[in-house]
Structures are given as structure tokens and as C-alpha cells.
Amino acid sequence: LLQIVHILNMTSAKIVSFLLHPEESLHSLQNRIEFETGISTGNQELLLETGICLDPRKPASQCVIDGVRGWDSYMVYLFDKSKTVYDGPFASRSLSDCVNYIVQDSKIQLPIPQLRKVWAEAVHYVIGLKEDYSRLFQGQRAAMLSLLRYNANLIKMKNNMVSASQQLKAKLEFFHQSIRLDLERYSDQMAYGISSEKMLKAWKEMEEKASQCAQAEDIGYLDEQIMALHTEIVELQKSPYARRQGEVMESLEQRAIDLYKQLKTRPPDHAYSDSTDMVKIIVQTVQSQDRVLKELFGHLSKLLGCKQKIIDLLPEIEVALNNIKEADNSVMQMQGKRQREIWHLLKIACTQSSSRSLVSSSLEGTASTPAATWLPQSSSGNTAPHPLSSLAAPEDGENFADVIRENVNYLELFSSILQEVRQEQSSMMVS
């Protein structure tokens, strides 16, 4: 089944039609459009009435909707992406020879039968002027719907950007508060606890880096541009030129039809008549079309200007969003690194505390052993038992050797603990 696609070139107000080959690609159709219109494939924007841009992945047949009758009942609107200002208005459709004849001399007397034919063409011309405007208005409408689609995407990206910025701001506030507290607590314990100048310096550098990350959350300049653009789009939607302005032309069309009907009721005798009234309608319709087209293309240029601003803004928002995400990741990495270092300090402190208590209990046990083992046990059992009181009273020198070996074992354990602490501290200083 052969299909015909009709393209309304909004830059020239002219219609070009193409017979589609079966399974023809959109790129192939665009090459043919370029040949006919001079608009390069890269600058072509083909919009459906709904404002949806044609999908390059789909065949060219997407231009034609099944079930729609009438060659001009449905069109594709061609825009030149390299232009944001459309000059318009364009010259009205040309007059046929016979209509041009009465326009040149509206008072010329013509026989009624001949006048009927000329006026029928005149009515057709007036109707054509109105339809030309209607099609161009539909093209403007498609441009508005396309702008609103772009704006919806802009709002979505803006909301993502604002949300990410707010999250980054909250994380930065938490990070600054927690690192200040950590630095204060660290300073308090330096005199009697653990100290590491390298780690302290790293924490202060983290604080400075976090302050630099705060620059990413500053999206005020983009937010202002988006809000200004949103206001501009709302004003364009409210503009009277966003609505159809063809009432005068429709009224003139009806007058031309009524005038022709009156002429048809006159008997086809030898009477003659001039075309003054019909020519007046033609002239007024042309003048009305000039006015409404000038307004239409002025409004269309504003729509396309807004759309270009959105196209220019989208990459800037993408960059801002990426900067926010990078800053967010950086803050979370710094927070995680500092928390690991805090737990590292806690591990060392716990190890030192355990070694001190172990040495203390060892020394206490060693000092009390001789007394405990040599003191005679009272029969009443009032003497408090010692941890080592379970040992048998020394009867020879072998028990002294056992005590010495035990103390040597404690000292070796203590030495190994101290060595481990030194290694932990060294690794912390290097990290």
C-alpha cells in the first residue's frame, strides 16, 4: 500500500508531498526533504500535531496515521533548528488568472454565467487563504506542545538537581558538625591519650575540602534562569496569539459564500454585473491573513527562542547535577575514612588499656606470691585467699623456679603487646 506524506515547511509556509517507499527509513525521507527544501537533515525537526518529534529509529511511515482521510487533514510540520526567528508573513497564495482579472478591475461587467465561474474560484481562493492560516497555526501549536514537552523535561531535571543539592547541603552540615566535635574531643585527649599530627592534618584538610564541596550545592544561578524561563513560557501560553486568530477570515469566508449563493439565484439571462463586492472580500481577506500571519510568526519565534534556551540549559543542569553527585561521593568517602580512623584509635586505646591492666594484675600477683605462699594458714580460715594461694607451700627450690618462669611469660606477653601497639601506631601515622 503506497502512502503519501505531506510536510508543511514552516520556514516558507509551503507544503511538499512525498510518496513513501515501502519500509523507507526516516533518514531516507529526510534526504529527500533536504533536496526539496534546502534544510539539511541535521537541522530538520519534524513534529507531529501533538508536538512529538519523529523517531529516527522508526520507518518514515510513522508520518501517516492509519484511518485518517483527506490529504491535508493530517500533516507533519518541518522546522529549521538553526533558526529561532521566522521572518514571515509570507506572500499569500497566487491568484488564478480569472480571479486576478476581476481584482485588477473590479468594476468590469461580466455576464452572469461567466461571473459565476469567476466568483466560484474567488470563493475557493478566500477559503484557501483561511486554510493556509489554519495549517500554519497548527504548526505553531505543534511548536508550543513541543516546547511544553521540553519544559516538562527541564522541570524534571531541575527537581532532581534541587533534591540532590538539598541532600548534599544536609550531608555537608552533618559532616562539618561531626568533624568539629571530633577535632574538639581529639584535642582534649591529646595530652594523656594518643596523638598523630599526620591524622590531625588530614582531618583539617577534610574540613577544607568539605567547604569546597559546598560550591557544588550553589545552583541559584541556574534556578533563577529556569524560573525566568518558566514565567516566559506561562506568558506565551496566556498570549492571545497562542489561540486561533482566524475569526475575521472565517467571517469573510462566509460573506464570500453568501455572495456567491446570491449570484447563483439570479437567472442566467443576458444580464451583466461587476465584482466590486467580491473583490472587497478578497482584498480584506488578504489583509487579514497578512496581519494574523505576522502575529503568528512573531509568536512562533518567541516559542522557538524559549525552546532554544531550554536546549542550552539542559547540559548546564547535567553538569551541575554531576558536580553535586561527585561532591556528595567525596563527602561520604571522607566521612567513612574518618570513622575508620576513629575506630582505629579506639582499637589502639583499648589495646593499651588491656595491656596496662594485664601488667598491673601480673605485677600484683608476683609481689604477693611469696607472702601468700609463705604465710601460715590460720586454722580459723579468716585470711583472705589470694589468686595464687592455691599453690602448694614451697618445700624446695622447684617452686621458686615455677614463679620465675610465670613472671618471664608475663613479661614476654607484655613485650609482644607493646610491639603490636607500636606497629598499630606506625600504620596509623602512614595512612
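**View 1. Helix α3 passes helix α5 in a left-handed crossing.** A crossing is called left-handed if the near helix is turned anticlockwise from the far one by less than a right angle, and right-handed if clockwise. This is a predicted model, where local features need pLDDT of at least 70 and side-chain atom pairs count only at pLDDT 80 or more, while totals for chains, interfaces and linings use all residues. Residues are numbered from 1 along each chain as its sequence is written, and side-chain values use heavy atoms, with hydrogens and water left out. Helix α5 covers residues 220–238, and its axis comes within 11 Å of the α3 axis, the two crossing at roughly 155°. (Axes are lines fitted to C-alpha atoms, for helices over the stretch in contact, and angles run from 0 to 180 degrees between N-to-C directions.) That angle makes α3 roughly antiparallel to α5; the label is for angles over 145 degrees, with under 35 counting as roughly parallel, 65 to 115 as roughly perpendicular and the rest as oblique. On the α3 side, look for M144, L147, L148, N151, L154, K158 and M161. They meet L222, D223, I226, M227, L229, H230, I233, L236 and Q237 of α5. Contact here means heavy atoms within 4.5 Å. Sorted by class, this contact has eleven nonpolar, three polar and two charged residues. (Ala, Val, Leu, Ile, Met, Phe, Trp, Tyr, Cys and Pro count as nonpolar, Asp, Glu, Lys and Arg as charged, and the others, Gly among them, as polar.)

**View 2. Helix α3 also packs against helix α4, residues 197–213.** The angle is about 155° and the axes are 10 Å apart, which makes α3 roughly antiparallel to α4. This crossing is left-handed too. From α3 come L168, L172, F175, H176, I179, R180, D182, L183 and Y186. Facing them in α4 are M199, L200, W203, M206, E207, A210, S211 and C213. The tally for this contact is twelve nonpolar, two polar and three charged residues.

**View 3. Zoom in on H176, a residue of helix α3.** Is H176 buried or exposed? H176 counts as buried because its relative accessibility is 15%; the cut-offs are under 20% relative accessible area for buried, over 50% for exposed and partly exposed in between, using a 1.4 Å probe and protein chains only. Leaving out residues up to four places away in sequence, H176 touches E207, A210 and S211.

**View 4. Four strands make an open sheet in the order β2-β1-β4-β3.** The pairing is mixed; strands pair if DSSP finds at least two bridges between them. Helices (H or I, at least four residues) and strands (E, at least two) are DSSP runs, numbered from the N terminus. At the edges sit β2 (14–20) and β3 (44–47), each pairing on one side only. From one strand to the next, the twist averages 30°. Helix α1, residues 26–37, lies across β1 (3–9), β2, β3 and β4, and runs at about 140° to β2. Helix α3 (residues 112–189) packs on the sheet as well, touching β1, β2, β3 and β4, with its direction at about 70° to that of β4.

**View 5. Strand β3 runs antiparallel to β4.** Four bridges join β3 to β4, which spans residues 76–80. Which residue of β4 is the bridge partner of L47? The partner is Y77, while E45 stands opposite F79. Both faces of β3 are covered, with Q44 and L46 buried on one side and E45 and L47 buried on the other.

View 6. Most residues other than glycine have a negative phi. At 75% relative accessible area, E23 is exposed.

**View 7. Step back to the protein, with its eight helices and six strands.** Along the sequence the pattern reads β-β-α-β-β-α-β-α-α-α-α-β-α-α. Of the 431 residues, 37% are buried. Among contacts with a separation of 6 or more, 80% are between residues 24 or more positions apart.
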